[in-house]
Amino acid sequence: IEAAGGLDRMARPDLFDPGIPTPWPALNKLIGGLRRGQLIVVGARPSVGKTAFLSQVAAHAVGRGLHAAFFSFEMSAGELLLRTACAVAGVDGHKLRLGRAIQSEREALIRALHSLAAGLRIHDEPPATVSAVRTACRRVKAEGRLDLVCIDYLQLMEAPGKRENRVQEITEISRGLKLLVAELELPALVAAQLNRLPETERRKPVLSDLRDSGSIEQDADVVIMLHRSPEPTKGGETQVYVRKQRNGPTGGVTLRFNAACCRFEEPAPERDYVEVCHD
């Protein structure tokens with residue numbers, strides 16, 4: 001209690017830390033924001049939107065005057081920046097690449113790029129290790145300010161030295177990330193791959209579907225899973241399941257994925273799209 005500033009500090013609402021909000025009010029209602037020292041894992045199958053989810057959260061934080069470091073081990077910094085800017089500006093990325101964007105769209109994209117440049121640092125250089133992430137984060141903090149860390153994605157990271165198997169290596173990486181967020185006193189949003197079972201068994205993903213190691217679900221403070229129906233009639237409807245929340249409820253939120261500009265959007269406000277389950 002003394003380390004937390006005493007009972008008075010813990011009880012006063014004006015001193016409560018709401019955390020960094022996501023772009024989606026329905027999800028904020030469920031998890032209450034990303035808080036310091038939290039390891040938040042976002043799991044999904046390929047092409048469901050892990051990168052888009054992380055980059056949207058980072059861009060939203062930057063739009064609120066915060067600073068984010070994004071470690072991209074799959075996409076180049078330039079590719080990720082352009083895609084994130086398209087999401088912020090609502091510009092069709094494919095149309096842009098074909099040179100068919102109109103003047104107003106190009107202007108919106110330039111404004112988005114300038115906005116992101118104010119607080120988003122993208123790291124795409126090797127090595128993809130916890131030690132490298134720690135060194136880069138310390139450097140960014142020493143140079144100015146850092147409020148959020150995003151990592152895309154966990155299974156592309158490596159642990160130095162030889163390990164008996166991949167499960168052991170992922171276990172070490174997961175534990176290293178947990179220690180890192182505690183040291184930096186920042187929230188870290190980490191994408192993770194799911195195995196094929198939700199697809200082959202045609203069911204919703206659960207914690208045991210996190211690929212390669214059970215240590216991920218153990219170390220994470222919050223586990224979010226993205227699931228999209230393969231039926232074209234669903235129109236990009238994506239279920240966002242909070243499968244674990246160390247200090248809160250689990251539940252589900254429905255978002256719609258806009259594939260043209262690679263961003264998640266909330267459905268019409270009148271729809272009941274939040275399901276909360278208290279464990």
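Start by selecting L81, L82, T84, A85, C86, V88 and A89 in helix α4: these meet A108, L109, A112, L113 and L116 in α6, where contact means heavy atoms within 4.5 Å. Sorted by type, the residues of this contact come out as 11 nonpolar, one polar and no charged. For that sorting, Ala, Val, Leu, Ile, Met, Phe, Trp, Tyr, Cys and Pro count as nonpolar, Asp, Glu, Lys and Arg as charged, and the others, Gly among them, as polar.

Now show both helices whole, α4 as residues 77-89 and α6 as residues 103-117: their axes come within 8 Å and cross at roughly 115°. Axes here are lines fitted to C-alpha atoms, for helices over the stretch in contact, with angles running from 0 to 180 degrees between N-to-C directions. The crossing of α4 and α6 is right-handed. The convention: left-handed if the near helix is turned anticlockwise from the far one by less than a right angle, right-handed if clockwise.

A word on what you have loaded: this is a predicted model, in which local features need pLDDT of at least 70 and side-chain atom pairs count only at pLDDT 80 or more, while totals for chains, interfaces and linings use all residues. Residues are numbered from 1 along each chain as its sequence is written, and side-chain values use heavy atoms, with hydrogens and water left out.

Zoom out for a moment. The protein chain has 10 helices and 10 strands; these are DSSP runs numbered from the N terminus, helices being H or I with at least four residues and strands E with at least two. Of its 279 residues, 49% count as buried. Buried means under 20% relative accessible area, exposed over 50%, and partly exposed in between, using a 1.4 Å probe and protein chains only. Among contacts with a separation of 6 or more, 65% are between residues 24 or more positions apart.

**Helix α7**

Select residues 130-143. Helix α7 has 14 residues and reaches 20 Å from its first C-alpha to its last, close to the 20 Å expected at 1.5 Å a residue; the expected span is 1.5 Å times one less than the number of residues. Which residues of α7 are buried? Colour V130, V133, R134, A136, C137 and V140. C137 counts as buried because its relative accessibility is 0%.

Next, pick A52 in helix α3 (residues 50-63). A52 has 1% relative accessibility, so this residue counts as buried. Beyond neighbours within four places in sequence, A52 is in contact with R83, F257, C262 and F264. Draw a distance from A52 to F257: the two are 205 residues apart along the chain, yet their C-alpha atoms are separated by 9.4 Å.

Step back to G49, in the loop between β1 (39-44) and α3. G49 is buried at 11% relative accessibility. With neighbours within four places left aside, G49 is in contact with L226, R228 and F264.

**Around α8**

K178 lies in helix α8. Is K178 buried or exposed? Its relative accessible area is 17%, so K178 is buried. Not counting residues up to four places away in sequence, K178 touches G37, L39, D219 and D221.

Then go to S215 in helix α10 (residues 215-219). S215 is buried at 9% relative accessible area, and its contacts outside four places in sequence are I170, T171 and S174.

Most residues other than glycine have a negative phi, and most peptide bonds are trans. Select P126 and P127: a cis peptide bond joins them, with omega about 5°. P127 is in the loop between β3 and α7. Another cis bond runs from D152 to Y153, with omega near 0°; Y153 lies in the loop between β4 and α8.

For positive phi, click E185, at about 55° although not a glycine. E185 lies in the loop between α8 and β5 (188-193) and is exposed, with a relative accessible area of 55%.

Finish at C262, in the loop between β8 (250-258) and β9 (263-265). C262 is not a glycine either, and has a positive phi of about 55°. Its sulfur is 7.3 Å from the closest cysteine sulfur, in C261, too far for a bond. With a disulfide taken as a pair of cysteine sulfur atoms within 2.5 Å, the count comes to zero disulfides.
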